[in-house]
Amino acid sequence: MRGNTATIGITAFAKDQLGDVVYLELPEVGATVTRGQPFGVVESTKAVSELFAPVSGKVTKINKSLVDAPEGINDDPHEKGWMIEIEMSSPADANELLSAKQYEELLAAEH
Amino acid sequence: MRAAHDTASFADPVALRTPLYEAHLAAGARIVEFAGWDMPVQYKGVLEEHAAVRERVGIFDVSHMGEVTIDGAGALESAQRLVTNDLSKCADGQAQYSVLCNEKGGVIDDIIVYRYSPSRLFICVNASGREKDFTWMKDHAEGARVEQRSDDWAQIAIQGPQAAALVDQLCQPKVIDLAYYHFRDATVAGVPGCIVARTGYTGEDGFEVFVPPGGARKLWDTLVAKGATPCGLGARDSLRLEVAYRLYGNDMDEDHTPLEAGLAWIVKLEKPSGFIGSDALKQQKAQGLKRRLIGFKLTGKGIARHGYPVLKDGQRVGEVTSGTMSPVLKEPIGLAYVPTDLSRIGTAFDVEVRGKPVAAQVVKTPFVEKIK
């Protein structure tokens with residue numbers, strides 16, 4: 001999150017739940033994504049999962065090298081495994097998201 | 001996860017567990033329900049386990065599979081009427097892949113028959129066939145004793161280029177001389193009363209060891225201590241699909257015949273005894289097959305999965321039965337039923353992936369070279 005720009009990926013926890021990622025489908029640059037709606041698909045060896053947008057906005061960048069070699073998500077979901085960059089249409093959306101620390105606390109409470 | 005775990009209905013069965021369940025938990029396996037069993041789908045990861053089997057040696061808990069015996073003076077004759085393959089061509093001490101068909105020629109299950117002698121046959125069936133196959137064989141076997149043995153056995157598959165040396169050093173008597181699809185009774189890792197068969201479901205050299213349930217943990221732990229990689233059902237599925245081994249329930253069922261499933265090599269229509277379903281299969285062969293199971297690769301982007309439609313010129317003409325991203329080829333592969341006129345190698349069609357057509361092409365199988 002930098003100003004109006006949000007970088008979207010999946011968490012290490014989600015990656016662990018999915019298993020080894022072998023395929024990734026992302027929107028084109030310029031596409032519009034809507035908070036709570038699917039913007040892409042990630043497939044592991046066994047499962048297909050839709051990627052849901054945490055915020056609304058326009059796609060400004062996609063991680064092409066990750067689409068070509070999606071196993072990058074397996075090694076480093078939080079940094080090299082970023083998927084898309086979004087220019088947020090309503091940056092206030094971001095206030096409702098959890099920080100990594102809050103997310104970990106939530107997971108700890110549920111598992 | 002099926003509802004049995006979440007509801008108070010006592011009529012619902014709860015998933016069964018193999019003698020190795022605790023070992024899987026201790027090794028950090030992720031457990032899923034498969035055919036009514038809590039089974040490990042993966043430990044560290046499917047790709048790592050897949051590679052372990054292709055390059056070294058992996059072990060699988062396949063204790064959920066069932067066993068049935070047919071005994072008595074009429075055992076062989078009786079079994080010949082049940083199975084599509086020809087057991088007269090199977091020597092004592094040899095095993096044979098086969099299917100059980102219904103009267104219409106539909107596949108009830110695929111099985112391996114281990115021939116001890118013409119009066120003693122040991123049969124391994126799929127987990128989903130434990131009761132179904134047993135009941136079918138008992139109801140249709142004449143002049144022989146059919147017995148349910150599934151609770152008498154656990155089973156561990158040891159697969160990969162290093163499997164033979166590993167298993168042989170644990171066996172008394174030795175098994176290194178066993179030919180493919182042959183078996184021998186042995187003591188394994190100090191566990192007496194095991195059956196060691198040079199068979200598998202991965203395309204690699206290896207063994208499947210039937211072990212008394214009480215000795216399963218000792219054998220498993222010994223194999224792990226000797227460096228074998230525990231592998232789950234995830235890797236088992238990607239390994240078998242790379243060599244185009246059929247999975248019962250996915251690639252064939254009672255609505256598909258073994259001829260359609262590409263298993264003509266185990267259907268002996270000229271066997272003098274005939275077998276249940278042989279008339280229907282002869283008729284199907286004479287009329288020509290309308291559909292066939294083929295191997296394909298997606299040439300477009302995506303992964304085909306079980307149940308995805310096969311399209312030709314926008315029309316639905318068939319269905320994907322198995323699909324994955326091949327860990328060895330790093331290409332999306334799969335098996336599908338298509339009309340016979342689309343079954344030639346090189347034929348192009350589409351697979352509908354999430355509502356969109358993705359280009360595919362019929363290719364020869366196995367996708368990956370088999371060692372065995």
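Predicted model: local features only at pLDDT ≥ 70, side-chain atom pairs only at ≥ 80, totals over all residues.
Residues are numbered from 1 along each chain as its sequence is written, and chains are lettered from A and ligands numbered from 1 in the order in which they are written.

**Chain B as a whole**

The C-alpha atoms of chain B fill a box of roughly 60 × 50 × 50 Å along the principal axes. Colour the chain by secondary structure to see 8 helices and 20 strands; these are DSSP runs numbered from the N terminus, helices being H or I with at least four residues and strands E with at least two. Buried residues make up 48% of chain B. A residue is buried if 20 or more other C-beta atoms, placed from the backbone, lie within 10 Å of its own, exposed if 12 or fewer, and partly exposed in between.

**The open sheet**

Next, select the 7 strands of an open sheet in chain B, in the order β10-β11-β12-β13-β9-β3-β14, with mixed pairing. Two strands pair if DSSP finds at least two bridges between them. The edges are β10 (171–172) and β14 (229–231) of chain B; each has a single partner strand, so one side of each is left without a neighbour in the sheet. Strand β3 (residues 58–61) of chain B runs parallel to β14(B), and 3 bridges join them. Within this pair, Ile59(B) stands opposite Pro230(B).

**The contact with chain A**

Display both chains. The contact takes 12 residues from chain B and 9 residues from chain A; two residues are in contact if their C-beta atoms, placed from the backbone, lie within 7 Å. On the chain B side, β2 (37–42), α2 (46–55), α7 (233–242) and β17 (315–325) each supply at least two residues.

Which helix residues are buried in α7(B)? Among them are Leu233(B), Arg236(B), Asp237(B) and Glu242(B). In total, 9 of the 10 residues of α7(B) are buried, so this helix is largely enclosed by the rest of the structure.

Just after α7(B), select Ala244(B), which takes a positive phi of about 60°. Ala244(B) is buried, with 23 other C-beta atoms within 10 Å. Then select Lys330(B), in the loop between β17 and β18 (332–339) of chain B. Its phi is near 55°, a positive value in a residue other than glycine. Lys330(B) is exposed, with 10 other C-beta atoms within 10 Å.

**Two cis peptide bonds**

Finally, select Gln172(B) and Pro173(B), whose peptide bond is cis with omega near -5°. Pro173(B) lies in the loop between β10 and β11 of chain B. Another cis peptide bond joins Thr365(B) and Pro366(B), with omega about 0°. Pro366(B) is found in the segment after β20 (356–363) of chain B.
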